[in-house]
Amino acid sequence: MAKDQGWRPDPASRIYVYVQIADHIADLIRAGDLPVGARLSSEPDLAAQYGVGINTLRRAIRELRERGVVDTVPAKGTFVIAVPELPDEPVG
């Protein structure tokens, strides 16, 4: 992953760490730093980059799959398949 390699999730935030990571990766995709078809770094590499455990990183990737943004191909990797839409503005 190209930009923001120094970015880390905020463990004090009220937003789950895995959601922060998924949102950050989605932002990188929206910005064009990870174009459709790009392969994400390996799970261990991403976990080390974000300073989290492998299970937290896997939950973030699962979140992105549920959003329809990435797909994981066994023994090949995780690939960007769509540019995520901007999140709705919070109400209230």
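Asp71 has Phe79 of strand β2 as its bridge partner. Strands β1 (residues 70-73) and β2 (residues 77-80) run antiparallel and are joined by four bridges; two strands count as paired if DSSP finds at least two bridges between them. Three residues lie between the strands of this hairpin, where Ala75 adopts a positive phi near 65°.

The model is predicted, so local features need pLDDT of at least 70 and side-chain atom pairs pLDDT 80 or more, while totals for chains, interfaces and linings use all residues. Residues are numbered from 1 along each chain as its sequence is written, and side-chain values use heavy atoms, without hydrogens and water.

The protein chain contains three helices and two strands, in the order α-α-α-β-β from the N terminus. These elements are DSSP runs: helices are H or I of at least four residues, strands E of at least two. Of the 92 residues in the protein chain, 34% are buried (buried is under 20% relative accessible area, exposed over 50%, partly exposed in between, with a 1.4 Å probe and protein chains only).

Two aromatic pairs are found in the whole structure. Because the ring centres of Trp7 and Tyr50 are 5.6 Å apart and the planes stand at 85°, this pair is edge-to-face. Rings of Phe, Tyr and Trp (its six-membered ring) pair with centres within 6.5 Å; planes under 30 degrees apart are stacked, over 60 edge-to-face and the rest tilted. Trp7 lies in the segment before α1 (17-30) and Tyr50 in helix α2 (residues 43-50), so the pair ties together parts 43 residues apart in sequence. Trp7 is partly exposed at 26% relative accessibility, whereas Tyr50 is buried at 1%. Tyr16 and Tyr18 have ring centres 5.7 Å apart and planes at 15°, so they are stacked; Tyr16 is exposed, at 60% relative accessibility.
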